[in-house]
Amino acid sequence: MDTPENIRLRPADERDIREVIAVEKMSFTSPWSIDSFRHELYNPVSYFYIIEIQRKLTGYIIFWIFEDESHIANIAIHSDFRKKGYGEYLLQWTIEFVRGKGAKTITLEVNEKNTAARNLYEKLGFKCVGRRAKYYENRDDALMLTKYIS
Ligand SMILES: CC(C)(COP(=O)(O)OP(=O)(O)OC[C@H]1O[C@@H](n2cnc3c(N)ncnc32)[C@H](O)[C@@H]1OP(=O)(O)O)[C@@H](O)C(=O)NCCC(=O)NCCS
């Protein structure tokens, strides 16, 4: 991982969408559309953040906060920058952020076949609380994960 002064987290804006879509397409077989990302820029419950390494857009996270609950809607790291600790950094930062806003839980869905993401969530203390059968377009199941934030 780069030194802290070279890592920056900041809110996304319209100018980021093109690069966000590029990372999204390298990350998911059924990527979100441009309109879905644009919507999150203006959704009042949504927080859409970019992680930059040496000023390069390296990943993003979108999460929602509803009173004392929060939900991660999307997270991805550019494939050239994976397995270097950035996903964990971004997620850990998000947990602290939602805690600061009063969230008591943080939830998400993950494809049961997505070992990298499942390991990341397990490492940060998320627990499996359910399954959504055939949740994804390719009919893979999703696992529902929750972390209680004390
Ligand atoms: C999931 C993802 C965000 C992880 O980001 P990353 O920056 O590569 O992850 P990190 O380097 O911070 O790794 C943190 C932990 O995640 C797990 N992990 C990450 N990549 C892994 C891999 N390829 N295989 C197994 N475990 C992995 C490990 O537990 C790792 O901890 P360790 O380094 O102590 O072993 C990244 O792989 C990605 O963008 N994938 C495509 C999009 C995606 O699947 N998003 C999640 C949707 S629910």
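What percentage of the 150 residues of the protein count as buried? The points below take up this question and others on the fold.

1. **Burial and overall form.** This is a predicted model. Of its 150 residues, 23% count as buried. A compact globule with 150 residues would have a radius of gyration near 15 Å, and the protein agrees with this, because its own value is 15 Å. The C-alpha trace spans about 40 × 35 × 30 Å along the principal axes.

2. **Secondary structure.** The protein contains four helices and seven strands. Among the contacts with a separation of 6 or more, 55% are between residues 24 or more positions apart.

3. **The sheet.** Seven strands form an open sheet with mixed pairing, and their order is β1-β2-β3-β4-β5-β7-β6. The edge strands, each of which pairs on one side only, are β1 (7-11) and β6. On average, neighbouring strands of this sheet are turned by 25 degrees against each other, with direction ignored. The helix α1 packs on the sheet, where α1 touches β3 and β4. The direction of α1 makes about 85 degrees with that of β3.

4. **The pairing of β5 and β7.** The strands β5 and β7 run antiparallel and are joined by seven bridges.

5. **The nonpolar core.** The largest nonpolar core holds 28 residues. Those that touch the most other members are Tyr60, Ile61, Ile72, Ile75, Val110 and Leu145. Two or more residues of this core are given by each of the elements α1 (17-27), β2 (46-53), β3 (56-66), β4 (69-77), α3 (86-100), β5 (105-111), α4 (115-123) and β7.

6. **Leu145 within the core.** Leu145 is one of the core residues that touch the most other members. When its neighbours within four places in sequence are left aside, Leu145 is in contact with Thr107, Leu108, Val110, Tyr121, Phe126, Lys127, Cys128 and Val129. One of these, Val110, is also among the core residues that touch the most other members.

7. **The ligand shell.** Which residues are closest to the ligand? Of the 19 residues that surround the ligand, the closest are Arg82, Gly87, Glu88, Ala116 and Leu120. At least two residues of the shell are supplied by each of β4, α3 and α4. The largest share, six residues, comes from α4.

8. **The loop between β6 and β7.** Ala133 lies in the loop between β6 (127-132) and β7 (142-148). Is Ala133 buried or exposed? Ala133 is exposed, because 8 other C-beta atoms lie within 10 Å, and a residue counts as exposed if the number is 12 or fewer. Ala133 and Tyr148 are 15 residues apart in sequence, and their C-alpha atoms are 24 Å apart in space.

9. Lys134 lies in the loop between β6 and β7. Its phi is near 50 degrees, a positive value in a residue other than glycine. Lys134 counts as exposed because it has 10 C-beta neighbours inside 10 Å. Arg139 is found in the loop between β6 and β7. The phi of Arg139 is near 75 degrees, a positive value in a residue other than glycine. Arg139 is exposed, with 8 other C-beta atoms within 10 Å.

Terms used
Residues are numbered from 1 along each chain as its sequence is written. This is a predicted model: local features need pLDDT of at least 70, side-chain atom pairs count only at pLDDT 80 or more; totals for chains, interfaces and linings use all residues. The radius of gyration is taken over C-alpha atoms; the globule rule is 2.2 Å times the number of residues to the power 0.38. A residue is buried if 20 or more other C-beta atoms lie within 10 Å of its own, exposed if 12 or fewer, and partly exposed in between; C-beta atoms are placed from the backbone. Two residues are in contact if their C-beta atoms, placed from the backbone, lie within 7 Å. A nonpolar core is a set of buried Ala, Val, Leu, Ile, Met, Phe, Trp, Tyr and Cys residues joined through C-beta atoms within 7 Å. Two strands pair if DSSP finds at least two bridges between them. Axes are lines fitted to C-alpha atoms, for helices over the stretch in contact, and angles run from 0 to 180 degrees between N-to-C directions. A residue is near a molecule or strand if its C-beta atom, placed from the backbone, lies within 6 Å of it.
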